[in-house]
Amino acid sequence: MSPHPHAALILVGHGSTTNPDSSSPTHLHADSIRRRGLFREVVCCFWKEEPNMREVYEMVDSDVLYVVPNFISEGYFCQQVLPRELRLDGPTTLRDGKTIRYCDPVGVHPNMTRLLIQRANEVAPHVPREQTSLVIVGHGTSLNENSTKAIQDQVALIRAGHYGFAEVIDAYMEEAPFVKDWAELTTAPNVVVVPFFIADGLHSFQDIPVLLGMREEVGEALSESGVFHQNPHQLQGRHIYYSGAIGTEPLMADVILDQVHDFDAKHGVSDKPAMANDEVKSSLAYWLNEGLNEIGQIAITTNTDGTYSLCHIADRGLTGLQVHHEAHDALFISRYDASGAFRPLHTAPTLNRGWRLDLAGLDELRLALDFFYPAAIGMLRAQEQEKLTAVPLREVFARQTGMYRFVNTLTDEQCHALIGKTCANDRCLRRILWPLNDTQPMTGPAASKTQPNHAPNALPLLCIEACTHVVSAARKVARESAEAANKETP
């Protein structure tokens with residue numbers, strides 16, 4: 001793919017509030033592409049993690065943005081949720097002086113075939129293909145017919161490509177043909193099973209091994225059992241070779257770039273590079289020069305040689321800290337709290353201590369801060385320019401579909417109480433900028449969260465719309481209210 005030095009690449013993943021492995025492949029592929037220098041900026045955003053799809057635009061300065069969904073199929077999320085949350089009008093959206101190009105999801109690209117073959121070779125080396133059945137496993141759902149199309153297309157491509165397998169089949173967790181029937185679906189003595197998922201998680205660690213018969217029941221220990229490293233598994237007189245999710249394959253980064261290339265070819269894109277815009281980075285340098293050297297729980301030290309050092313505020317001045325040198329290390333430093341628990345909310349006041357991050361320059365500093373507190377620096381710059389738009393809580397609720405649509409039943413009083421509890425400073429360090437609706441501010445228990453809560457020498461953490469944690473908490477309140485009402489009904 002030809003370089004796009006004037007453009008930003010935005011990778012969109014699903015993410016999770018409970019599984020730290022969910023977003024890892026997206027971050028790793030972004031880092032791989034970032035190191036190649038093909039784009040001016042490379043960032044990630046998620047449906048269930050930070051930064052969300054409304055915040056990510058504040059993380060980039062480029063006027064041309066390529067959005068690539070790191071999803072397997074052209075199903076519900078890629079056709080409805082992502083366009084809605086990213087405010088897209090179609091393949092190309094012009095808004096606020098930016099050109100946003102929405103590419104196809106990675107899982108539907110024909111080059112996924114190469115990754116599947118490589119994964120099969122890795123998991124079952126030296127096993128004769130003519131004695132091997134290849135099973136590509138998906139989730140399956142009756143809600144969207146496209147959810148299985150990507151897998152069926154890959155099965156057809158591998159069959160037509162004459163790669164030498166005894167047979168190639170698709171199987172699903174929740175629709176026929178079922179994974180649990182693998183022994184009846186295949187005939188070869190060796191069976192290679194590749195989960196067609198973006199990330200390893202409950203499905204690949206636990207559910208599929210149980211369906212295959214590799215484990216008797218789903219349990220927490222399965223994710224720690226090294227299930228991918230015990231091949232082959234002896235089951236029903238066959239050898240089962242089980243791989244990790246296809247989305248963890250490093251070559252997925254190349255498929256992401258293939259989707260950008262194909263978008264340009266399909267739409268006849270031929271850009272003329274524009275002047276680089278470094279407003280966010282310039283603002284960061286100005287703020288540091290003005291003595292604003294804290295953000296959240298992080299202290300920023302500007303060294304005499306032009307480098308920067310970050311540490312936990314409580315560790316300022318301490319020696320013996322574990323030293324890191326890469327901006328990407330911030331992602332791993334911030335992932336778990338002191339007890340080892342996953343931190344899905346970056347602005348929770350639970351950042352671990354005992355580390356120092358030394359960075360070579362301003363570019364690395366900005367990237368690291370975006371890993372610690374996604375979009376925080378960009379949102380501050382937009383606020384200074386009076387370009388930051390907060391979304392009322394009722395508007396966020398109105399966008400919800402499926403099981404989350406019931407959040408619209410909450411009363412105003414319930415909303416204020418919910419925000420006061422869910423967004424309290426001992427849970428989140430952000431300052432809320434959004435009102436209840438266009439005419440009514442947040443009041444009662446939520447009022448304090450709309451006031452500045454940062455030190456004079458600190459950069460504030462801003463919140464421009466209710467996050468997934470608020471929506472999930474609202475759904476719980478709505479469900480409890482409905483259940484209570486039903487009990488009262490004679």
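The questions and answers below concern strands, helices and single residues in a predicted model.

Reader: In what order do the six strands of the open sheet that includes β14 stand?
Author: The pairing in this open sheet is mixed. β14 (322–324) and β17 (458–459) each have a single partner strand, so they stand at the edges.

Reader: Which residue of β15 is the bridge partner of Q322?
Author: β14 and strand β15 (residues 355–359) run parallel and are joined by three bridges. The bridge partner of Q322 in β15 is W355.

Reader: How many residues of strand β3 are buried?
Author: In a regular strand, side chains alternate between the two faces of the sheet. On one side of β3 the buried residues are V64, Y66 and V68, and on the other they are L65, V67 and P69. Strand β3 (residues 64–69) is therefore largely enclosed by the rest of the structure, and its buried residues number six of the six.

Reader: Over how many bridges does β3 pair with strand β5?
Author: β3 also pairs with strand β1 (residues 4–13), in the parallel sense over six bridges, and there A8 has L65 as its bridge partner. Towards strand β5 (residues 98–102) the pairing is parallel too, with V64 opposite T99. The number of bridges between β3 and β5 is four.

Reader: How far does helix α7 reach from its first C-alpha to its last?
Author: Helix α7 (residues 252–267) has 16 residues, and at 1.5 Å a residue the expected reach is 22 Å. The computed reach is close to that, at 23 Å.

Reader: Which residue just after α7 takes a positive phi?
Author: α7 covers residues 252–267, and its buried residues include M252, F263 and D264. Just after the helix comes a phi of about 60°, and the residue that takes it is G268.

Reader: Is S283 buried or exposed?
Author: S283 is found in helix α8 (residues 279–289). Leaving out residues up to four places away in sequence, S283 touches R381 and E384. Its relative accessible area is 6%, and the cut-off for buried is under 20%, so S283 is buried.

Reader: At what angle do α8 and helix α11 pack?
Author: Two packed helices are described by the angle between their axes and the distance between the axes. For α8 and helix α11 (residues 376–384), the axes are 9 Å apart. The two helices are roughly perpendicular to each other, and the angle is about 90°.

Reader: How many residues in the contact of α8 with α11 are charged?
Author: From α8 the contact takes E279, V280, S283, L284 and W287, and from α11 it takes I377, G378, L380, R381 and E384. Five of these residues are nonpolar and two are polar. The number of charged residues is three.

Reader: What is the relative accessibility of W434?
Author: W434 lies in the loop between β16 (431–432) and β17. Apart from neighbours within four places in sequence, its contacts include A390, P392, I419, M442 and C463. W434 counts as buried, with a relative accessibility of 2%.

Reader: How far apart in space are W434 and T389, C-alpha to C-alpha?
Author: In sequence, W434 and T389 are 45 residues apart. In space, the C-alpha to C-alpha distance is 8.6 Å.

How values were computed:
Residues are numbered from 1 along each chain as its sequence is written. This is a predicted model: local features need pLDDT of at least 70, side-chain atom pairs count only at pLDDT 80 or more; totals for chains, interfaces and linings use all residues. Side-chain values use heavy atoms; hydrogens and water are left out. Two strands pair if DSSP finds at least two bridges between them. Buried means under 20% relative accessible area, exposed over 50%, partly exposed in between (1.4 Å probe, protein chains only). Contact means heavy atoms within 4.5 Å. The expected span of a helix is 1.5 Å times one less than its number of residues. Axes are lines fitted to C-alpha atoms, for helices over the stretch in contact, and angles run from 0 to 180 degrees between N-to-C directions. Angles under 35 degrees count as roughly parallel, over 145 as roughly antiparallel, 65 to 115 as roughly perpendicular and the rest as oblique. Ala, Val, Leu, Ile, Met, Phe, Trp, Tyr, Cys and Pro count as nonpolar, Asp, Glu, Lys and Arg as charged, and the others, Gly among them, as polar.
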